[in-house]
Amino acid sequence: MSKNTQVLLAARPAGRPAQSDFRIVESEIPEPSEGEVLLEILYLSLDPYMRGRMNAGRSYAKPVEIGAVMEGGTVARVKRSRHPDFQAGEFVLSHSGWQSYALSSGADLRKLDPEAAPLSTALGILGMPGFTAYAGLLTIGKPKPGETVVVAAASGAVGSAVGQIARIKGARAVGIAGGADKCAFVRDVLGFDAVIDHRAADFAGQLAAACPGGIDVYFENVGGHVWDAVFPLLNDFARVPVCGLIAHYNQPGGAQAGGDRLPGVMREVLSRSLLIRGFIQREFADQRPAFYQEMAGWIKGGEVRYREDIVEGIEHAPEAFIGLLDGRNFGKLVVRVAAEG
């Protein structure tokens, strides 16, 4: 490439994002100054949290400014280096956003070994989504042998890891997914004990039948009608790690839209001694070394499997991201920006 292709935030979406909320531009490839490296982006991660960054409201991180490059995790190759700790040709994990080239001071980079695992996995099962599942489930959910763990979006990057880790810890894993193909993958490839299609007309009844002893841990990343079906099944002292509410991200007003059901929910939280704890994965950063070691071992031993949904070309990132929020992806959604070779 002779130009730097960038995807900018053109407007703040009113509900579901549209192609017009993004703008694709070309700029000159920047030159690194002393102490900097020029990164050539190979893979870009697309994740649900990015929808929140498009809004102007208060959140756990600053919103993307209008006209700025969309944020996102990336795998990159060092193209040129004026930094003593990085050499041209090395591969790194970075947070360079939706663009084909970026400058870095090196402070946010982590070197990657392409021989240890496919580079794209640093954005999925061996990256932020996998760590979200690991830290949230084990720190907050604390599954015990014989307990029932339920997770929605079970074929996705986070949900698939949650269920497999639960089984490694001796718990029973019940997945919720959308469509026959995703349900078959969760059951037959990932090895969940049961899987329910949330699109089924009798979804709530099927979920109750799959959890005859109730639910001890519910890993929440969806909200909506899935939460409505799960909540009555939560056992006393159930734990609910909350890492996302994708069903509400495109609603005007977000998850606060709709009638006020808080009094009823809080009454049940009190009477059943429920633990509902929201979290951002960076809170548990001290656990990352253990995660990298354990997850790599589980993958090598065949205890954890993963699936990637790779889209070719950064110009297709907006369309792919809109599809992610609609549930059209199948596995960890990654954009291949440039070839590894």
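Predicted model: local features only at pLDDT ≥ 70, side-chain atom pairs only at ≥ 80, totals over all residues.

User: Which residues in helix 2 meet helix 8?
Analyst: Gly130, Phe131 and Tyr134 do, and in helix 8 they meet Arg288, Ala290, Phe291, Glu294 and Trp298. Contact here means heavy atoms within 4.5 Å. Helices are DSSP runs of H or I with at least four residues, strands are runs of E with at least two, and both are numbered from the N terminus.

User: At what angle do helix 2 and helix 8 cross?
Analyst: Roughly 105 degrees, with the axes coming within 10 Å; helix 8 covers residues 288–300. That makes helix 2 roughly perpendicular to helix 8 (65 to 115 degrees counts as roughly perpendicular, under 35 as roughly parallel, over 145 as roughly antiparallel, and the rest as oblique). Axes are lines fitted to C-alpha atoms, for helices over the stretch in contact, and angles run from 0 to 180 degrees between N-to-C directions.

User: And by class, what does that contact of helix 2 with helix 8 have?
Analyst: 5 nonpolar, 1 polar and 2 charged residues. Ala, Val, Leu, Ile, Met, Phe, Trp, Tyr, Cys and Pro count as nonpolar, Asp, Glu, Lys and Arg as charged, and the others, Gly among them, as polar.

User: How far apart are the axes of helix 2 and helix 3?
Analyst: They are 8 Å apart, and helix 2 (residues 128–141) packs against helix 3 (residues 157–168) at about 45 degrees. That makes helix 2 oblique to helix 3. Residues making the contact include Tyr134 and Leu137 of helix 2, and Val158 and Ile165 of helix 3. By class there are 11 nonpolar residues, 1 polar and no charged ones.

User: Switching to strands: what order does the open sheet of 6 strands have?
Analyst: The order is 10-9-8-11-12-13, with parallel pairing (two strands pair if DSSP finds at least two bridges between them). Strand 10 (194–197) and strand 13 (275–278) are the edges, each pairing on one side only. From one strand to the next, the twist averages 15 degrees.

User: Which strands does helix 2 touch?
Analyst: Helix 2 touches strand 8, strand 11, strand 12 and strand 13, and its direction makes about 145 degrees with that of strand 11. Helix 3 packs on the sheet too, touching strand 8, strand 9 and strand 11.

User: How many salt bridges does the structure hold?
Analyst: There are 16, each a side-chain nitrogen of Lys or Arg within 4 Å of a carboxyl oxygen of Asp or Glu. One of them joins arginine 77 to glutamate 40, with the closest N and O atoms 3.0 Å apart. Arginine 77 sits in strand 4 (residues 74–81) and glutamate 40 in strand 3 (residues 37–45), 37 residues apart.

User: How do strand 3 and strand 4 run?
Analyst: Antiparallel, joined by 7 bridges. Tyrosine 43, for example, has valine 75 in strand 4 as its bridge partner. Strand 4 is also joined by 4 bridges to strand 5 (residues 91–94), again antiparallel, and there alanine 76 stands opposite valine 92.

Key. Residues numbered from 1 in each chain as written. Heavy atoms only, no water.
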